[in-house]
Amino acid sequence: MELTLADLRRIMRGCAGADESADLDGDIAQVPFADLGYDSLAVLETTSRIEKEYGVRIPDEVAADLDRPAALLEYVNGNLTGV
Amino acid sequence: MNGAPVFTGVGVVAPTGVGTGAHWSAVLAGEGALAPVDRFDVSGYPVGVAGLVRGFDAGACLPGRLVVQTDHWTHMGLAAADLALDDAGADPAELSEFDLGVTTASSSGGTEFGQHEMERLWAQGPGHVTVYQSIAWFYAATTGQISIRHGMRGRCGVLAAEQAGGLDALAAARGDLRDGARLIVTGGTDASLCPYGLVAQITSGLLSPCADADRAYLPFDVRAGGYCPGEGGAMFVLEDPESARARGARAYGRLTGHGATFDPQPDPWPGPPAPSYAPSGEGLWRAVEIALDDAGLAPADIDVVFADASGVPAADRAECRVIRTVFGPRGVPVTAPKTMTGRLYAGGAPLDVASALLAIRDQVIPPTINVTEPADAGIDLVGAVPREARIRHALVLARGHGGFNSAAVLSA
């Protein structure tokens with residue numbers, strides 16, 4: 001089980017919404033969440049969903065440093081407890 | 001600021017219509033918008049009809065990421081603010097961000113959003129409550145979201161005084177303009193037609209249980225027996241008059257007077273609808289006196305009164321007593337277009353202000369519907385047909401549950 005960029009897009013759209021001002025379809029791995037139009041609350045909402053879906057705990061202080069999709073994917077996939 | 005602030009934009013999201021034009025057309029046609037609550041199964045709730053906003057699609061007028069993070073009440077507030085700014089021809093991006101502010105009124109905050117999150121809390125656990133609950137529920141959420149959306153970073157705030165708050169928000173906006181702001185978005189909306197919201201309102205004992213839309217809300221009528229709730233309201237662009245003139249803005253009218261008082265309550269407070277509840281109206285009278293004095297006007301200068309129109313008989317009698325005392329028997333035309341929408345709480349007085357400004361623009365007093373057996377012959381209550389009249393100054397009254405009394409004077 002792995003969190004992919006496609007999974008992350010799905011989760012972000014599902015819990016924080018999406019609109020024309022943020023294009024999640026491109027190569028967004030290295031684009032900061034802020035530049036994608038997702039503020040700190042949107043990121044917290046996203047990590048909350050990931051915690052429930054993937055069983056990986058993401059403390060708030062860690063979430064604060066995961067400023068782009070690539071960082072979030074790396075953290076989650078590095079902490080999966082192969083269930 | 002030199003002179004009274006001017007209203008340069010009006011935006012309405014109300015049971016009578018989405019958009020100022022739709023609302024005013026419906027009002028002049030006397031089209032009642034009270035209807036059975038169809039958002040959920042209300043059988044078993046002691047409520048009858050309510051003023052529901054129809055044809056409002058938040059997803060169509062607001063960004064998707066904004067819609068998910070805030071309540072229906074804020075969606076309507078944001079949409080009304082957008083309409084007002086567009087109507088005013090004002091683009092906040094073209095003005096200095098600290099010269100702009102937002103002050104709205106709210107009475108119940110993000111009730112429906114909060115209800116859903118409480119359902120998740122109890123059914124699934126705290127980990128399933130959205131982080132957006134932290135910003136969606138509180139009274140200032142609409143102010144905050146309007147401020148963020150339009151980059152209006154001057155003084156911002158919210159007034160919570162139930163139905164009276166809408167007038168107090170305008171007065172606060174006027175204060176901000178006096179302190180140097182150039183343009184303020186102000187007004188109010190409210191929305192509590194969900195299970196949690198209705199249950200909270202039912203505890204007041206003031207909601208009419210009548211299911212007949214033509215008989216449920218009859219303020220000033222011998223058959224008065226409570227009121228119907230409604231949702232929505234109105235937002236305005238209120239500007240420094242010189243600033244408005246400099247950019248060629250059209251003015252609907254001016255905010256020339258405001259007064260607010262609070263009735264001390266005995267302890268224990270019988271409150272409405274207890275039979276012993278018999279407000280004197282003195283607080284409302286004082287608010288009117290303060291507002292007229294603030295405007296530098298005499299009662300004879302007022303051409304129409306938009307009544308608070310409680311629908312609770314004792315409160316109706318108190319309001320009639322105030323109007324007769326200030327203006328003399330049948331001394332001024334009185335109207336309550338809220339008979340078409342119900343009482344909109346924080347959106348109610350702003351919607352009356354919108355109607356008053358349009359009355360000034362079109363020189364016509366909007367009708368009061370369904371009140372076919374007026375209880376007080378000393379009140380010149382406009383009937384179900386609009387009345388053409390010369391209108392230079394309008395007085396708007398608003399009372400909030402618990403003892404709030406506010407009055408505002410609008411002038412051409």
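I started with strand β1 (residues 6–14) of chain B, which runs antiparallel to strand β9 (residues 253–262) of chain B and is joined to it by two bridges. Strands here are DSSP runs of E, at least two residues long, and helices are runs of H or I, at least four, numbered from the N terminus; two strands pair if DSSP finds at least two bridges between them. Opposite B:Gly253 in β9(B) I found B:Phe7.

This is a predicted model, where local features need pLDDT of at least 70, side-chain atom pairs count only at pLDDT 80 or more, and totals for chains, interfaces and linings use all residues. Residues are numbered from 1 along each chain as its sequence is written, while chains are lettered from A and ligands numbered from 1 in the order in which they are written.

Next I looked up strand β8 (residues 232–239) of chain B: seven bridges pair it with β1(B), again antiparallel. B:Val13 has B:Gly233 as its bridge partner there, and B:Val18 as its partner in β2(B). I noted that β1(B) and β2(B) form a hairpin with two residues between them.

Then I moved to chain A. Helix α1 (residues 5–16) and helix α2 (residues 40–54) pack at about 120°, with axes 9 Å apart (lines fitted to C-alpha atoms over the stretch in contact, angles from 0 to 180 degrees between N-to-C directions).
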